[in-house]
Structure formats: C-alpha cells, structure tokens
Amino acid sequence: MATLELSNVVKSFDKTTIIHGVDLAVSDGEFVVFVGPSGCGKSTLLRIISGLEPATSGDIRIDGQRVNEVTAAHRGCSMVFQSYALYPHMSVYDNMAFGLENLGVAKAVIETKVTAAATMLQLGPLLQRKPTQLSGGQRQRVAIGRSIVREPKLFLFDEPLSNLDAELRVSMRAEIRDLHARLGATMIYVTHDQVEAMTMADKIVVLRAGRIEQVGTPLELYNTPCNQFVAGFIGSPRMNFVPAAEFPSALPGTHTVGIRPEHAQLADSGPLQLKIKQVEQLGSTSILHGHVVPDAPFELILNGQTTIQRGDTVCVSAPPEQLHCFDSNGLRL
Ligand SMILES: Nc1ncnc2c1ncn2[C@@H]1O[C@H](COP(=O)(O)OP(=O)(O)OP(=O)(O)O)[C@@H](O)[C@H]1O
C-alpha cells in the first residue's frame, strides 16, 4: 500500500488558476475524504493524483517517489467514477478482467483474482450478466471490483455513490468502509456530501475555491472548526450564526457566535428570542425553525416531541463551552 504527499500543487486551465498551492500528506492505509462545495476543485485534485490531469506546478509523491512525469497507467492508482464507466457489451466477469488482460496477466491468475473480488463484493452469481441487467448498487460494486483486481497502491473514488438512492447510499457507504478495513488500503474519496465525509473518513480535507480550509478527523472538524466556512459546512443541520451583540458571554473580539442546533437549549430567559416559523416533529426529535434577529435564521433540535407551535416565541441559550466564537474575518477565536 502507499503514502501520498502533495507539495504546493497548483493547477491552471489557460489563465485561470483553480488549485492554489495544495499541501497534503496521506498516511499508509488512511481513508481520506475530500469534501467541499461544487466547483471547489475536488475532482481536479483527484485527477492530478491519478495522473489523468497534469499539475501545472508542485510535486506529487507516492511512497516517497515523485510521480509527476509517471503516466496514469503506471502510477498504481485505480479510480472508481460516479458514472461507473463499465463496458456495456461485456459481462461482469469481462469488465473486471479487462484491465488485467490488457496487462498480459495469465488467464488462470485473472480468474483467481476476479473470483476473489467477486466473492468479497457478493457478485459471484452475477458474473455472466451484462451491466444493464444489474441494479445501480451492483454496477457500482462491479466498478469497485475492477479496481480491486488491479491491486492498486491507492484507491481513488470520485463521488461513487451520487447516482444511487438514499437507502442504497447508506449501505454502500458501509460496504466501502468495510472493504477499506479488510484491504487495509490507502483510499481517497471525493464527495460534496458532508454526512458521507463524517461517516466514512479517518481524515477529512475541506476544500473551498481550490484551497484547503482545514484537515482533521471528523470530530476535530465538528468540535473545533477553524473558521466559519468549515463550521457551516460540517454538521447537519447546519450551525446557526448569530451576531455577537446578541450573546454577551461571547469571547472579547467576537463578531459572530456559532451555535449548533443540537446544542441550543430552551431557557426561561434570553439571551436569544427565537420566533418560531416552523416546527418539524420527527418523533424522536423536534426541529424548531425561526429567526433570532431578522437576518439570523436559527434552528434548534429538541429531544422528543413538543407542543411549541408556529408563531410562538421562545427563549434560547447555549452552554458557554458549546459556543463557537469567530472574529470579523470568520476565523475561530
Ligand atoms: N478542463 C477544464 N478546463 C477549464 N476549467 C475546468 C476544467 N476542469 C475543471 N474546471 C474548472 O475547475 C473548477 C473545479 O472543478 P472540479 O470538477 O475539480 O470541482 P469539484 O469540486 O469536483 O466540483 P463538483 O462537486 O461539482 O464535481 C471548476 O470551476 C471547473 O469549472
């Protein structure tokens, strides 16, 4: 398996720079998720690692070796795409065997590897089918199987689950994590879905506009987001932001206070007055939506069920240790 190191990686298309000097170290066997809004450069960075796209400048090292000039076919990376990219006229078996046949691997060896991967992915009974005869989840497993048989140093996944329905996404998430545990492989996984990032990653890399905003474990990002962007991106429902003037106990120099919906509490008196616009009763929890000041939408999660209704005004507070204080540049204090 492999380590990966990016040093000051820059990517420009014509005169537009879209990756602005990215530094990142990935350890052997780590599951790293790149997350960020649409267009922030996640896929481009993955393609640069795979060799499908050259970097404009900077170094890419796999296992300590600079690979900028090594072609995609020789980098030892294997990519699983959102579109699966299966050959429609080939059986599942042939789709998985094809890459190895091209490399001139002996037929018997191919058969052993394809059979082992198919067993691991529960594709054994489907090996003679064509991709059109498979469900979305089965197709995605074939795409993953095609990667596994090549025994890559680095597995790269580009939004592999976004074409699947919500239920299947949840089960495939678990399957990919399980696969990671069994193979002990280094994996880099791109998604714009922060829940996918939180549930799958050993380490999350949050990107915005071609720059890394923060790198950390899911709970590090949740507990101590380095700025307002990360704070708003990680966590669901999203963190509430309130002008510091509304919260007298905020740290000196605070411009905006962040309070997660699960940390806000109903109180007998202030500091916040939440005017309720909508109540979502989910049975085990209730979500109150409203505003604390006209431009500050606010959500609060209550355990259990509530009699609070649209039109009510309630007082809200939060424990001081759960407040996130940001300065006027959005940086954590
Ligand atoms: N071949 C190209 N030529 C010019 N611009 C490109 C090219 N490929 C990507 N871009 C631009 O680079 C930026 C980053 O694109 P990229 O696909 O890496 O983003 P992303 O974070 O993966 O987005 P998404 O989540 O929407 O897939 C975008 O603004 C995109 O328009």
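This is a predicted model: local features need pLDDT of at least 70, side-chain atom pairs count only at pLDDT 80 or more; totals for chains, interfaces and linings use all residues.
## Around the ligand

Let's start with the ligand. The residues around the ligand are Phe13, Ile18, Gly36, Ser38, Gly39, Cys40, Gly41, Lys42, Ser43, Thr44 and His192. Helix α1, spanning residues 42–50, supplies the largest share of this shell, with 3 residues. By type, the shell around the ligand holds 7 polar residues, 3 nonpolar and 1 charged.

## The annotated domain

An unreviewed UniProt entry lists residues 4–234 as "domain: ABC transporter". In the model, this span is 37% helix and 26% strand, and its end C-alpha atoms are 25 Å apart.

## The nonpolar core

The largest nonpolar core has 77 residues, and the members that touch the most others are Val33, Phe34, Ile49, Leu156 and Ile188.

Ile188 is a handy place to look at the packing. Setting aside neighbours within four places in sequence, Ile188 is in contact with Val26, Val32, Phe34, Leu46, Ile49, Leu154 and Leu156.

## A closer look at Val230

Val230 belongs to helix α8, which covers residues 228–233. Is Val230 buried or exposed? Val230 counts as buried because 24 C-beta neighbours lie inside 10 Å, where the cut-off is 20 or more.

Apart from neighbours within four places in sequence, Val230 is in contact with Val206, Glu213, Gln214, Leu221 and Pro225. Leu219 sits 11 residues away from Val230 along the chain, and their C-alpha atoms are separated by 12 Å.

Note on methods:
Residues are numbered from 1 along each chain as its sequence is written. A residue is near a molecule or strand if its C-beta atom, placed from the backbone, lies within 6 Å of it. Helices (H or I, at least four residues) and strands (E, at least two) are DSSP runs, numbered from the N terminus. Ala, Val, Leu, Ile, Met, Phe, Trp, Tyr, Cys and Pro count as nonpolar, Asp, Glu, Lys and Arg as charged, and the others, Gly among them, as polar. UniProt positions are given in the numbering used here, feature names are shortened, and annotations may be inferred rather than shown by experiment. A nonpolar core is a set of buried Ala, Val, Leu, Ile, Met, Phe, Trp, Tyr and Cys residues joined through C-beta atoms within 7 Å. A residue is buried if 20 or more other C-beta atoms lie within 10 Å of its own, exposed if 12 or fewer, and partly exposed in between; C-beta atoms are placed from the backbone. Two residues are in contact if their C-beta atoms, placed from the backbone, lie within 7 Å.
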